[in-house]
Amino acid sequence: MTRKIKLGAFLPGGGQHIASWRHPDQPADGATNFEFHKQLALTAERGLFDAYFLADGLAVSLGGVTEGGFARVAGFEPVTLFAALAPITKNLGFIATASTTYEEPYNLARKFASLDLISSGRAGWNVVTTATDAAAHNFNLETQHPHASRYARAREHVDVVKKLWDSFEDDAFIRDKKSGVFYDAQKVHRTDHAGVHFKVKGPLNIPRSPQGHSVIVQAGQSEDGRALAAESAEVIFTAQQHLSTAQEFYRDIKLRAKAQGRNPDHILVMPGVAPFVGRTEAEAWEKYHQLTSLIVESDGVSLLNGLTGGTLDLSHYDLDGPLPNIPLTEGMKSRQVLLREIADEHQFTIRQLYEWVATARGHYTVVGTAEQVADQLQTWFENEAADGFNILPPYLPTGLDDFVELVIPELQKRGLFRTEYEATTLRGNLGLPLPVNRHAKTQKDTEQAA
């Protein structure tokens, strides 16, 4: 089968760009407008996207702009929202973010297993460790855990969740009314996990879904993040600015996965791309400049303060001067490094830097016609830089509509993207294998050995 581009749609109802809520096309209440989310989901499915992707935050930054912008200061919990959207769609997957730092494995496993069943196998879990002291303050802590310890907990957390998802073998439920046998007790298994961070007896009280279990997504780019992704992720959401750096990341992840005994084709690398699409290049740049002009100066500075670690208030510096040296914190280390690289490469002033990252927080921004955007995606896809992309429309619904109506047909014309869904599960559309229940596999191995 010819390899095709995979596409996720990153669609926060409040918009991606920090000033998107001020755009005349964007509903100002989009983050908490359920009818608007329904519209976005149906448009994404019409565009044959693999999944609707949502990030999540666990704190409100009072007195300053959140990383997502003011319009995303309050919004829906993603799994709850997706459970409501699943019944109105048929093929679109739903990838929700949930934290290994502040959620217990049992509750998280149960929540995603429920979404997976409700959607008939279209759920995905974006594994995050949750940085920021603001989030820590909401969970009985004075400060966030160190980066390394967050990832150590995350590795064990994912392991426990996967064990819980295997509690029931696929054919455990008999439900024979005549005999009165509801399930085969021999095919239900305790988790019996006792580790450094968690002690979980199990089993989980939710059976497996048509796709086995939720697709595991991960977005870390640090050394710890790459190690976690190579061990357990099936999709990786990454921020890259150049073909060369994207290639380095792609090849490194594939090699790490192979070293873990995994098939490198079963771990999909999907960089984030924020496209401004026009019928002409001039129209695309007009859209970019219109949205950029809506940034409130203090919001732009607050955004940079957060993305660079929050240790230095940039409002005290000349905004038309260079970005000062800022020490790394225990927050999102890879994103702090990326911001520094962007500023240095382009010789951006503080103002120019926040104008550039206001769209996509360090993800790749593309401005041009459908053909020009498709050229960039094709180049990365065909040169070991990506298996697909998470598309981050700068403002909604127009940015999504532009991509669906202009770029998707161009990709289809080039034979790079599907013309219909291949499957009804997220795993099936992504071309990922059905995970074999560990207990069924053990039984099969035992029988073969005998």
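Predicted model: local features only at pLDDT ≥ 70, side-chain atom pairs only at ≥ 80, totals over all residues.

Student: At what angle do helix H3 and helix H5 pack, and are they parallel or oblique to each other?

Tutor: H3 covers residues 105–118 and H5 covers residues 147–165. Their axes are 9 Å apart, at an angle of about 50 degrees. Angles of 65 to 115 degrees count as roughly perpendicular, and those under 35 as roughly parallel. H3 and H5 are therefore oblique to each other.

Student: Which residues make that contact, and how many of them are nonpolar, polar and charged?

Tutor: H3 contributes Pro105, Tyr106, Leu108, Ala109, Phe112 and Ala113. H5 contributes His157, Val160, Val161, Leu164 and Trp165. By class, the contact of H3 with H5 has ten nonpolar residues, one polar and no charged.

Student: How are H5 and helix H6 oriented to each other?

Tutor: H6 spans residues 223–232. The axes of H5 and H6 are 10 Å apart, and the angle is about 10 degrees. Angles under 35 degrees count as roughly parallel. H5 and H6 are therefore roughly parallel.

Student: Which residues of H5 and H6 touch, and how many are charged?

Tutor: On H5 they are His147, Ala148, Tyr151, Ala154, Arg155, Val158 and Lys162. On H6 they are Asp224, Gly225, Leu228, Glu231 and Ser232. The contact of H5 with H6 has five nonpolar and three polar residues, and the charged ones number four.

Student: Which element gives the most to the lining of the largest cavity?

Tutor: The largest cavity has a volume of about 60 Å³. Its lining includes Phe112, Ala113, Asp116, Trp165 and Leu204. With three residues, the element that gives the most to the lining of the largest cavity is H3.

Student: Which elements give two or more residues to the lining of the second largest cavity?

Tutor: The volume of the second largest cavity is about 50 Å³. Among the residues that line it are Leu7, Gly8, Asp50, Met270 and Leu430. The elements giving two or more are strand E1 (6–10), strand E2 (51–54) and helix H14 (426–430).

Student: Which element supplies the largest share of the lining of the second largest pocket?

Tutor: The second largest pocket has a volume of about 650 Å³. Of its 21 lining residues, the closest to the centre are Lys162, His213, Glu231, Arg262 and Pro435. The lining has seven nonpolar, four polar and ten charged residues. The largest share, four residues, comes from H5.

Student: Where does proline 203 lie?

Tutor: The peptide bond joining glycine 202 and proline 203 is cis, with omega about 0 degrees. Proline 203 sits in the loop between strand E8 (199–200) and strand E9 (215–218).

Student: What is the place of proline 397?

Tutor: Leucine 396 is linked to proline 397 by a cis peptide bond, with omega near 0 degrees. Proline 397 belongs to the loop between strand E13 (388–391) and helix H13 (398–413).

Student: In which strand is arginine 175 found?

Tutor: Arginine 175 is not a glycine, although its phi is positive, about 50 degrees. Its strand covers residues 173–176 and is E5.

Notes:
Residues numbered from 1 in each chain as written. Heavy atoms only, no water. Axes fitted to C-alpha atoms, helices over the stretch in contact; angles between N-to-C directions. Parallel < 35°, antiparallel > 145°, perpendicular 65-115°, else oblique. Contact = heavy atoms within 4.5 Å. Nonpolar A, V, L, I, M, F, W, Y, C, P; charged D, E, K, R; others polar. 1 Å grid on protein atoms, 1.4 Å probe; cavity = no way out; pocket = protein on both sides within 12 Å on 5 of 7 lines; lining within 4 Å. Points joined across faces, edges and corners; volume = space filled by probe spheres on them.
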